[in-house]
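Here's a walk through one protein model, section by section. Keep the 3D view open while you read.

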Amino acid sequence: MSASEDAGSYSAVSFRLTALLQLSPTLYSSDMSQPTVFITGAAAGIGRATALTFAAAGYHVGAYDIDETGLASLAKEIAAKGSTSTTGILDVTDTAQFTERLKEFDEAAGGRLDVLINNAGILIAGQFAEQAIETHRKQFDINVGGVLNGLLEAFPDLKKTRGAQVVNLCSASAIYGQPELATYGATKFAVRGLTEALDLEWHKHDIAVKAMWPLFVQTAMTKGIQTGTTGSLGIKLTAQDVADAIFKSTQPAKRIYHKVHFPVGLPSKALSMGSRFSPVWLTREVNRRLSHS
Ligand SMILES: NC(=O)c1ccc[n+]([C@@H]2O[C@H](COP(=O)([O-])OP(=O)(O)OC[C@H]3O[C@@H](n4cnc5c(N)ncnc54)[C@H](O)[C@@H]3O)[C@@H](O)[C@H]2O)c1
């Protein structure tokens with residue numbers, strides 16, 4: 001082979017390799033001793049802030065989303081800070097894709113899954129009767145179906161990792177049903193139930209399952225949303241506030257009791273405490289007033 005033929009075939013291989021790398025998920029191997037976290041809906045909002053927070057703390061981050069551009073910029077940001085990540089396209093409603101992404105993550109992360117964060121979710125606000133059934137179902141498909149997929153598909157990896165944890169993104173709208181967010185809130189009641197049950201059921205496998213309960217957070221999800229409750233309580237929390245709370249919930253803490261629910265922010269703490277100790281009629285009255293119903 002002549003030098004020019006050699007150079008030609010080299011550049012063809014290199015081009016093919018580059019093309020392959022662009023199509024494939026970004027894979028950077030973690031070293032075996034590095035803790036790992038797998039986050040859905042990681043390209044934006046709370047998921048993105050959480051990915052960066054865990055990366056800064058030395059975790060190998062698995063970041064997954066349907067937003068390819070957001071993932072690419074996240075991977076660059078993590079790498080620029082000297083941390084490692086594995087990214088890939090994942091629609092949480094697609095079980096086969098979940099299996100595939102977890103397999104890739106398992107290979108890149110040295111076979112351990114310390115923390116699974118079921119974060120991907122959507123919210124569609126409005127009067128219940130004015131929304132089509134497809135709109136209601138879509139929220140269940142992603143917010144509940146996606147969490148079911150995550151829990152089922154990741155279970156074998158969680159089980160083989162000592163002290164593994166799952167963090168599910170619940171919401172203060174699962175403290176008491178919220179007008180104009182009825183279906184969204186109902187999906188979060190389902191996430192609450194799954195969290196409580198599996199935290200008990202998987203205790204024997206050394207897997208803890210937790211729920212984060214933020215009130216409204218300043219992300220794309222709440223942009224332009226105006227409900228009675230957003231009017232009364234405002235949208236005050238930042239994605240970083242929630243990311244910090246998620247990270248803290250996964251770290252060892254001196255507690256005399258086992259904690260499953262983590263309200264984020266003072267109003268969420270007050271509402272969740274209030275609903276536990278006040279009679280149901282009073283909780284309803286507080287929610288009626290807050291939501292201007
Ligand atoms: N923003 C809030 O006020 C708030 C409050 C409480 C709880 N939460 C919960 O926090 C989580 C994150 O919300 P956020 O505010 O960061 O929202 P966001 O809209 O800013 O980000 C959500 C991310 O999920 C991704 N996503 C959407 N559908 C997906 C799918 N099918 N598969 C994979 N990824 C998908 C989006 O591309 C996006 O990157 C959600 O579960 C939400 O319900 C949000």
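## Helix 5 against helix 6

Start where two helices touch: His136, Gln139, Phe140, Asn143, Val144, Val147 and Leu151 in helix 5 meet Thr183, Tyr184, Thr187, Ala190, Val191, Leu194 and Leu198 in helix 6. Contact here means that the C-beta atoms of two residues, placed from the backbone, lie within 7 Å. Helices (H or I, at least four residues) and strands (E, at least two) are DSSP runs, numbered from the N terminus.

The axes of helix 5 and helix 6 come within 8 Å, crossing at roughly 15 degrees. That makes helix 5 roughly parallel to helix 6 (angles under 35 degrees count as roughly parallel, over 145 as roughly antiparallel, 65 to 115 as roughly perpendicular and the rest as oblique). Axes are lines fitted to C-alpha atoms, for helices over the stretch in contact, and angles run from 0 to 180 degrees between N-to-C directions. The crossing of helix 5 past helix 6 is right-handed (left-handed if the near helix is turned anticlockwise from the far one by less than a right angle, right-handed if clockwise).

## What you're looking at

This is a predicted model, where local features need pLDDT of at least 70 and side-chain atom pairs count only at pLDDT 80 or more, while totals for chains, interfaces and linings use all residues. Residues are numbered from 1 along each chain as its sequence is written.

The protein chain has 10 helices and 7 strands. Of its 293 residues, 44% count as buried (20 or more other C-beta atoms within 10 Å of a residue's own; 12 or fewer is exposed, in between is partly exposed, with C-beta atoms placed from the backbone).

## Helix 4 joins in

Helix 5 has another partner: its axis and that of helix 4 (residues 95-108) come within 10 Å and cross at roughly 30 degrees. Helix 4 and helix 5 are therefore roughly parallel to each other. Thr95, Phe98, Thr99, Leu102 and Asp106 in helix 4 meet Asn149, Gly150, Glu153, Ala154 and Asp157 in helix 5.

Now for the strands: an open sheet of 7 strands has the order 3-2-1-4-5-6-7, with parallel pairing (two strands pair if DSSP finds at least two bridges between them). Strand 3 (85-89) and strand 7 (261-264) are the edges, each pairing on one side only. From one strand to the next, the twist averages 15 degrees.

Strand 4 (residues 115-118) is covered on both faces, with Val115 and Ile117 buried on one side and Leu116 and Asn118 buried on the other. It pairs in the parallel sense with strand 1 (residues 36-40) over 3 bridges, and Ile117 is the bridge partner of Ile39. Strand 4 also runs parallel to strand 5, joined by 4 bridges; here Asn118 has Asn168 as its bridge partner.

Helix 5 lies across strand 1, strand 4, strand 5 and strand 6 (207-214), running at about 175 degrees to strand 4.

Look at the loop between strand 5 (164-169) and helix 6 (182-201), and you'll find Cys170. Why does Cys170 count as buried? Because 30 other C-beta atoms lie within 10 Å of Cys170.

Leaving aside neighbours within four places in sequence, Cys170 is in contact with Lys188, Val191, Arg192, Thr195, Ala211, Met212 and Trp213. The C-alpha atoms of Cys170 and Pro214 are separated by 7.5 Å, though these residues are 44 apart along the chain.
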